[in-house]
Amino acid sequence: MEGINKRIEEAILRADRIGVKVISLAALNKNEALNGGGTLFVEKHPDLKVRVVHGNTLTAAVILNEIPKDVEEVFLTGATSKLGRAIALYLCRRRVRVLMLTLSTERFQKIQREAPADCQNYLVQVTKYQAAQNCKTWIVGKWITPRQQGWAPSGTHFHQFVVPPILAFRRDCTYGDLAAMRLPDDVEGLGSCEYTMERGVVHACHAGGVVHQLEGWTHHEVGAIDVNRIDIVWKAALKHGLRPVSSM
């Protein structure tokens, strides 16, 4: 871990020296256990001019905007992760019941206490996949086996923010792509493709760095996701011509 963080830190400091305005961590470079979603670097170097961005606010926005507005209940795995927490808190404000799969009552209650008092009862801790056998909207933030997928009812849609993506095992269900955005057509100089994406398409967390720069935002986007900024970042992305990519 120390070696990985050292290389990330060197990249941030080099970007700072040459005048880069925003550095987007993305992928596992922003892993919470690794460096607190980038918090480690901005606390160690408080005078950075470059803005350090994990981009997960836009990732959350892309996932949340895939969910139909009439959905009343979702099943969420990876529920106490950085993205899971933000998704749960956002949806409960919309009066959507969120079945949060976690064995840790302590971590669940910590998130539940962050919700407005009149929304807390929309967050429900569950400890088994069986709890979702009547729920057709699954948001998957932790890899699940075909056997675990078997608990989903026919017609379920699997949204996901897990790397690698889950296996599309169920023929009677549908599967979303990893959160991604298509860059505007007039963007030039893209010499490569990201992971399994086609040219001109980037992971939502990288797109978050692009939006941060285009908007001229001066804060670092590190650590926990600010739920109040999810809609702000989403609207800014659309304003600049970025569009979500989804198989739905």
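Is K44 buried or exposed? K44 is exposed, because its relative accessible area of 53% lies above the 50% cut-off for that class. The legends below describe close-up views of a predicted model.

**View 1. The salt bridge between K44 and E9.** One of the 9 salt bridges that the structure holds joins K44 to E9, and the closest N and O atoms of this pair are 3.0 Å apart. Since K44 belongs to helix α3 (residues 39-44) and E9 to helix α1 (residues 2-17), the pair ties together parts that are 35 residues apart in sequence. The two partners fall into separate accessibility classes: K44 is exposed at 53%, whereas E9, at 15% relative accessibility, counts as buried.

**View 2. The salt bridge between E215 and K239.** The side chains of E215 and K239 meet in a salt bridge with an N to O distance of 2.7 Å. This pair links distant parts of the chain, with E215 in helix α8 (residues 204-215) and K239 in helix α9 (residues 230-239), 24 residues apart. E215 is partly exposed, with a relative accessible area of 24%, while K239 counts as exposed at 58% relative accessibility.

**View 3. The salt bridge between R170 and D172.** Here R170 forms a salt bridge with D172, and the closest N and O atoms are 2.8 Å apart. R170 is buried, having a relative accessible area of 13%, whereas D172 is partly exposed, with a relative accessible area of 37%.

View 4. In helix α4 (residues 56-66), 10 of the 11 residues are buried, so the helix is largely enclosed by the rest of the structure.

View 5. R107, K110, R113 and K142 together form a positive surface patch. Of these residues, K110 lies in helix α6 (residues 105-114), and K110 counts as exposed because its relative accessibility is 56%.

**View 6. A nonpolar surface patch that includes W143.** W143, L167 and F169 make a nonpolar surface patch of about 320 Å². W143 is placed in the loop between β6 (137-140) and α7 (146-149), and with a relative accessibility of 37% W143 counts as partly exposed.

**View 7. Backbone geometry in two loops.** The peptide bond that runs from V163 to P164 is cis, with omega near 0°, and P164 is found in the loop between β7 (157-160) and β8 (174-178). In another loop, the one between α5 (82-93) and β4 (97-101), R95 has a phi near 65°, which is a positive value in a residue other than glycine. R95 is partly exposed, with a relative accessible area of 38%.

View 8. An unreviewed UniProt entry lists residues 74-244 as "domain: Very-long-chain aldehyde decarbonylase CER1-like C-terminal". In the predicted model, the end C-alpha atoms of residues 74-244 lie 21 Å apart, and the span is 28% helix and 19% strand.

Methods
Residues numbered from 1 in each chain as written. Predicted model: local features only at pLDDT ≥ 70, side-chain atom pairs only at ≥ 80, totals over all residues. Heavy atoms only, no water. Patch = residues over 30% accessible without salt bridge, like charges linked within 9 Å, V, L, I, M, F, W, Y side chains within 5 Å. Areas by Shrake-Rupley, 256 points an atom, 1.4 Å probe, with all protein chains shown as cover. Salt bridge = Lys/Arg side-chain N within 4 Å of Asp/Glu carboxyl O. Lys, Arg positive; Asp, Glu negative; His and termini not counted. Charge placed at Lys NZ, Arg CZ, Asp CG, Glu CD. Helix = DSSP H or I, 4+ residues; strand = E, 2+ residues; numbered from the N terminus. Buried < 20%, exposed > 50% of the residue type's maximum accessible area, 1.4 Å probe, protein only. UniProt positions renumbered as here; feature names shortened; annotations may be inferred.
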